[in-house]
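Here is a report on one protein model. Please look at the chains first, then read on.

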Amino acid sequence: MKLETKMLPGDITVVSLKGELNYNTSEEARESMMSVVENNKNVVIDMEDCTYVSSSGLRVLLLLGKRSRQLGENIALVNLNEEVKDVMEMTGFGTIFNCYDNLDTAAAAMA
Amino acid sequence: MAELKNKKSSIENKVFSVIAGISLVCLIITSVIAYFGVFKVSRRFIDINNEIIEHAAENSHTSIEELTDKELLLVSTGKAEHIEEMFEKYEIYLENISSHASDMKSKPEVFSEAPYHLSFSAKVGSETPFLLYSADADKENLSDEAGVTANIGITLHRITSKDDVISDAYYATDSGLFFVSSNKKFLVENESFDYKQREWYQKAKNSGEVYVSGVHSDPFGRDEIICITKPVYSVNGEFMGVAGVNIKAEKFKEQLGYTDFVDCCFTIFDDNGEFIISSKNCSSETGKNIGEFISGNGDVYDDIFRTQNGTEHLEIEKRHIHIAHTRLKEHKWIVVAYVNNEIASAPSTVLKNGIVALSQEVSDEVMKSMLSTCIFGLVSLIILLVLTYIFGITLSKKITKPIVTLTDSVKNITHGNLEFNCDIKTGDEIEDLSDTFRNMTEELKEYIDKVKSESKAKEHHKAELEIAKKIQMSILPNNAKDFDINTEFEIATSIIPAKGVGGDFYDYFMVDDEHLAITIADVSGKGVPAALFMMISKTLISNKTKPNMSPGEILTEVNRLLCINNDAAMFVTAFLGILNIKTGEFRYSNAGHTPPFVYRYKEGFDNLSVTKNLFLAGDEDTLYKTDSIMLDKGDMIFLYTDGVTEASTKEKKQYGKKRLYNLLNSFAAEHMTLEEIIANITEDIYEFVYGADQADDITMLITRFFN
């Protein structure tokens, strides 16, 4: 699991998740991403290189989403691969997170 | 252990080898250099010594030869002078005779007649001379002259009586008178003496000079003599006769004497090379031989007889001879002094032998001292080797002792004894190493204690978790067989928990006589929190499932309750279905869970279409919708958690829904018991993951409707 953060114009923070988001990596991912969410208004989580999300991983995403909503911020998921998208849809995560196909559409939606 | 021991001693051996090796090499190099140095110096010394001997011998030989030549020349010159002195004396005698005779001739009136003997039987040694006539003498006419001339007897007697070298003194007149005074008797058979035919007379008369004869026998048969004669002239220059003296050769020899120069002889020759006389210490034979050699050798003859004086080295009859020659000034004699080379060079030979002996002694001494030096060196070498050996062993022991001690102590550690009692105070790296080992063992002890206590705690924890797991599993129903008597449906379940306590659960129970509730759920996360949340979820679902309530209504209520105080953001995906076992109506609600498969009799498994609802505990305001289908006889509903589809190989390849789907449709499920179906799936999963660790609980529930 690797995390990369970059800034886009329009005060958008992009966090790229790379690798599996599972029980073993979820705690580290939670800590890192929580600080990003707490310190930035618009956060986009880029899932392009995220190969697997376990239920623990979903829980992390849920926490982030709840916190974001609490703080009145925007959070979105982009570039979900098919499997992850299936899981997200199946579990109903789509109703908590705004999901976009790519960064551009996400940025446009947040602007 | 044996290996360790070998290693231990090998360090000692190595250190010893290094010390011994370096020492040995140094010793050998020093010894070789010393040996060669001594050898070279000795060799050089002996060489120089030999050179000195040769030089000394040669120089001494040369100088002795030079000295010999010089000495010989002194001898020959000295003897020549001596002879000349003698000759001067004899000439004075002759002059006396001559002047007396001359006086008598010029003033006959002054001299009265004097007596003379005609017989040789008369007593010798008187003033009366003996008279002999020459062969051609006219005795009658000569009587007057004889009477006057007899006065010469006084002079003649004076000469013979004064000098015992002189055998005879005589005056022979041309007229035929031969007056002689002799100090030795001689016998003449008749009164005439043919003196005019004699060489001494003729040579003196003809040359007008002093004549010196060689050594010859006295005509009267007495001693060997040398004649010295001189012509006598009157005042007006008229030849009157010859005055002469006979010199006894033996006496002459005696008067010539010896030489101061040891073993040196001398011989006198006339200038024709004729042998005259040799010195007393030397045989006439040798003298004659030398004379013959010189005469027979033109160059040498010229050198000797045509020069005033000089020296020569000759080889005569294989003998090296040094000679010196001096020509008499007034006479035609040559004095040759000579000495054998062996005798001349004897001192140098002696000197040389002396030096050789001395140098041999010195060489012997040098060799001896060299030998003793070598022996001393060898002994020192051996002593040094022994000392080196002892020193080497002691030093290597001293160096390796701490290492050995350390090794033993470390060996103890490997045996499990962590008491590191090694106290090394060498002040070097070994002490550092020892300290490091001590620190290490202390840290190790602490660490082991820590690990022990931790593992104890872990063991404890693990045991508790095991208990938790058991509790968790025990709340899942396993009384499916109880329903077998029920002809409307049957149920089979399987849960393979992953390590630790998981969050999956299933449940089935009769809501009322006609309704069977089946549920499967997966709590997010693992461990104790997940387990607790699972308990809560399971309890809530079973408690809130009431007759006449749709699954959606039930999940809506459960969700609302779960959302209260869910700060940990735990959530659970769940499927809840309620089957009317009489009619086959199956109503269900899916809260974010993997959709189940539905089996239509003889058609196969397919996805059960579900309305997507949010997982439970995500949002308290969520309303869960209910779906519904009708089941026919033999139809089945297969519920599972993502532990099945997400079972992974070591390469992270997931089992997948497609493989599950294909597997389910690969066998004739209508002829299989539910247990067989589950066993097939389980087997296929195990086959797929091929020993990889199980990451998530694998939970399945299958139910078949018979009515």
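The report covers the basis of the model, domains, a strand and a helix.

## Basis

This is a predicted model, in which local features need pLDDT of at least 70, side-chain atom pairs count only at pLDDT 80 or more, and totals for chains, interfaces and linings use all residues. Residues are numbered from 1 along each chain as its sequence is written, chains are lettered from A and ligands numbered from 1 in the order written, and side-chain values use heavy atoms, without hydrogens and water.

## Domains of chain B

Chain B is split into domain 1 (2–75 + 348–407), domain 2 (107–253), domain 3 (255–343), domain 4 (418–469) and domain 5 (475–705). The bounds come from an automatic or database domain assignment. The C-alpha centres of domain 2 and domain 5 of chain B are 194 Å apart.

## Strand β6 of chain B

Strands are DSSP runs of E, at least two residues, and helices are runs of H or I, at least four, numbered from the N terminus. Buried means under 20% relative accessible area (1.4 Å probe, protein chains only).

Strands pair when DSSP finds at least two bridges between them. β2(B), residues 166–173, runs antiparallel to β6(B) with seven bridges; B:Asp168 partners B:Asn246. β5(B), residues 224–233, is also antiparallel to β6(B), over nine bridges; here B:Thr229 partners B:Gly244.

## Helix α3 of chain A

α3(A) spans residues 82–91, and its buried residues are A:Val84, A:Val87, A:Met88, A:Met90 and A:Thr91. Their cover includes β4, α2 and β5 of chain A, together with β15 (572–580) of chain B. Just after the helix, A:Gly92 takes a positive phi of about 85°.

Note on methods
Buried < 20%, exposed > 50% of the residue type's maximum accessible area, 1.4 Å probe, protein only. Contact = heavy atoms within 4.5 Å.
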